[in-house]
Amino acid sequence: MMCNLGLWAMRPAHHRRCVLFLSALRAVLSANRTSWSRYRSERELSSSAWTSKVPQVPSWEPIAEHQLPTATKISPELVDKLERLALVDFGSKEGVECLEKAITFADQLHAVNTDGVEPMDSVLEDRELYLRDDSVTEGECADKLLQLAKHSLEEYYLAPPGNIPLPKSEERSAVL
Amino acid sequence: MVIVPQLVGVVGLEIHAQIQSKSKLFSGSQVRFMSPPNSLVSHFDASLPGTLPVLNHRCVEAAVLTGLALNCTINKRSLFDRKHYFYADMPAGFQITQQRIPIAVNGTLVYNHFEGHKWNHGMTKSVKIKQIQLEQDSGKSLHDEERSQTLIDLNRAGVGLMELVMEPDMCGGEEAASAVRELQLILQTLGTCQANMSEGQLRVDANVSVHRPGDPLGVRTEVKNINSVRHLAKAIDYEIQRQMKVLRSGGTVINETRAFDSKSSTTIAMRDKEGLQDYRFMPEPNLPPLFVYETEDSVPAGVDSAQAVVVERLISCLPEMPAQKRMRLVETYDIQLEHSFTLVNEEGLVDYFESVVQKTKAKPRKVIGWVLDDLMRNLNLHNLNVSQSPLSPEALAQMIDLIESGRISSPVAKQVFQEMWKAPELPVEQIIEERDWWMISDVEQLRALCQRIVDGHPEAVQLIKGGNKRVMNKLIGEIHKVTKGRTDPVQVVAILEEMIF
């Protein structure tokens, strides 16, 4: 009690804290009502100066099954194609299932109504794209760059001839 | 009986023009043709992690200028995308291009198509340009078959390219060649691309198919590895014939990429092509939309006016296009259209011609022959371009004036030209004086000469008196020989006729 009054005497740094102290003081003064409920109602009455936009209770609802499009099944041919295009390794059946689940998760976006809304692909869409002056400012670092390469010949990078073909599809299905 | 229409070829070109700029499209490394391998490569060009693209102002201007010259609509807002595929000469694994909304769309390329060698009347044709987009070039791979390896040089990686996609409006190799020649002239005039096919500054791929008019388009093949305009015509014509043969024998044309082999003048199927490529296009996240402004006033407040690309400003910078130049030459100097083509095709020739016309009293039609025949023939013989001509416009003008004033004859002038070429430091008069090539203008001298000839050829004189005019030429020829060409045929004919009749 005494310490509370002492706190009241201090100048509050934040107006919100001032409200709390005030309600705490009232709570101390009225012993009949529980301090907790007193605190809550006081808080609501005096909170006109500041309202939080963060909802106090969770407001999202899970999307119902029927709102989603049919679940995508990934065929072995598609697995082959994706592995070739993106050089990823699905490794196993679990890997493919994981991808299918990820697609279903992303499918929730279909529940949003986007009629008449232009797709956004960059948050920078109202910013100016900076245009650089046409002058030579870089280059002449062949030795540093070639140091990073595993294989090089004189001042050329070395690469195998053409693209290395991925293992054939029979071998893939063996893994899956 | 139903008459089945003939199969015809359909050709669409995809042209990559290397932008003439000091530095690359998205980085500050230099753009230069021959350099030590990997010396013109920055961290961004080598695709090191953490590097970002920064767009080059000059490249945007070049694309807009080219779009304006080809009557395109310039998109005020255009976007960049990533085109993914794996190849060692493209270390990032994707190429930054403009697939969705390119910088310019819906243009036309107007060109003249000369039917074979018929120079009398060139037909004006046009081909629609679907779009012009900015994109990155890839590096160069040198294949070492023996040691089963490829050497990669990234000097060219990241250089700015303008990709011009044309609609399939053409039907043969000659048309395509004419269109590309005109495009080369336009790009060179603008200064946006040097358009030299042999140096790889202009790369042309042809999409060729055949069909019967009225039917939907046939399956197309893409022909690559074309290094000159002549090869382009050959490659397209061969491919059209090949496809027609396939269809006539009951086969089907496969959608594939073929390479042109210049040695055999045929197209060969390229191996190492795994079916249809899926490029997985996605927006380039590191580049916000590119804005180009219509007028100075439309540049918004927060934008630096010097930084912005303003279409109005660029329109005022457009030089005279080849087509306009030709029209102007024909109208101003009353020369033939085909002559204007030859003048405009050769760098510096228009300036040379106009210079001579200015300095001489002769009509331009008289000058054009000297410039297009004698000058060009000698330049080509010695493999020189116009700027290297030993004969200056002033000297040529002086010589032409001498012909006009009757002091030398045309046949002698041809010889004088050759002497001037060999000894450009000597003044014209000196050359003529030294060889005593002045025209004989003394009438008495001429009459004496003619009399001698008439006396020496009585049979010929009889024939002429009888009505055979052609024999007169023999007499003129004799006088010519005797005087070493220093006579005016017109005067000689007049005197001879007077003497004979």
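**The contact between chain A and chain B**

Guide: Between chain A and chain B, 21 residue pairs are in polar contact, with both residues at pLDDT 80 or more. That cut-off applies because this is a predicted model. On the chain A side, the elements that give two or more residues to the contact are helix H4 (76-86), strand E1 (131-132), helix H6 (142-147) and strand E3 (156-159). By residue type, the side of chain A that touches chain B divides into 20 nonpolar, five polar and eleven charged residues.

The contact as a whole takes 36 residues from chain A and 54 residues from chain B. The size of an interface is often given as the accessible area lost when the parts come together. Here chain A and chain B bury about 4,100 Å² between them, and 58% of this is on carbon and sulfur atoms. Within chain A, the residues that lose the most area to chain B are Leu131(A), Arg132(A) and Asp134(A), which together make up 19% of what that side buries.

Charged pairs also cross the contact: the count between the two chains is two salt bridges. One of them joins Lys81(A) to Asp278(B), with the closest N and O atoms 3.4 Å apart.

The backbone takes part as well. Strands of a sheet pair through backbone hydrogen bonds, either parallel or antiparallel. Strand E3(A) is joined by three bridges to strand E10 (residues 149-153) of chain B, and the two run antiparallel. In this pairing, Ala159(A) has Thr150(B) as its bridge partner.

E3(A) also pairs within its own chain. Strand E2 (residues 152-153) of chain A and E3(A) are antiparallel over two bridges, and the bridge partner of Leu153(A) in E3(A) is Tyr156(A). E2(A) and E3(A) form a hairpin with two residues between them. In the turn, Glu154(A) has a positive phi of about 50 degrees.

Strands E14 (residues 257-261) and E15 (residues 266-269) of chain B are joined by four bridges and run antiparallel. Thr266(B) lies in strand E15 of chain B, and its side chain makes a polar contact of 2.8 Å with the side chain of Ser264(B). Leaving out residues up to four places away in sequence, Thr266(B) touches Tyr238(B), Ala259(B), Phe260(B) and Asp261(B).

Further along chain B, an unreviewed UniProt entry annotates residues 351-500 as "domain: Asn/Gln amidotransferase". Over these residues the chain is 72% helix and 0% strand, and the end C-alpha atoms are 49 Å apart.

Technical notes:
Residues are numbered from 1 along each chain as its sequence is written. Chains are lettered from A and ligands numbered from 1 in the order in which they are written. This is a predicted model: local features need pLDDT of at least 70, side-chain atom pairs count only at pLDDT 80 or more; totals for chains, interfaces and linings use all residues. Side-chain values use heavy atoms; hydrogens and water are left out. Contact means heavy atoms within 4.5 Å. Buried area is the accessible area (1.4 Å probe) that two parts lose on being put together, summed over both. A salt bridge is a side-chain nitrogen of Lys or Arg within 4 Å of a carboxyl oxygen of Asp or Glu. A polar contact is a pair of N or O atoms within 3.5 Å; within protein, one must be able to donate a hydrogen and the other to accept it, and residues adjacent in sequence count only if both atoms are side-chain atoms. Ala, Val, Leu, Ile, Met, Phe, Trp, Tyr, Cys and Pro count as nonpolar, Asp, Glu, Lys and Arg as charged, and the others, Gly among them, as polar. Two strands pair if DSSP finds at least two bridges between them. UniProt positions are given in the numbering used here, feature names are shortened, and annotations may be inferred rather than shown by experiment.
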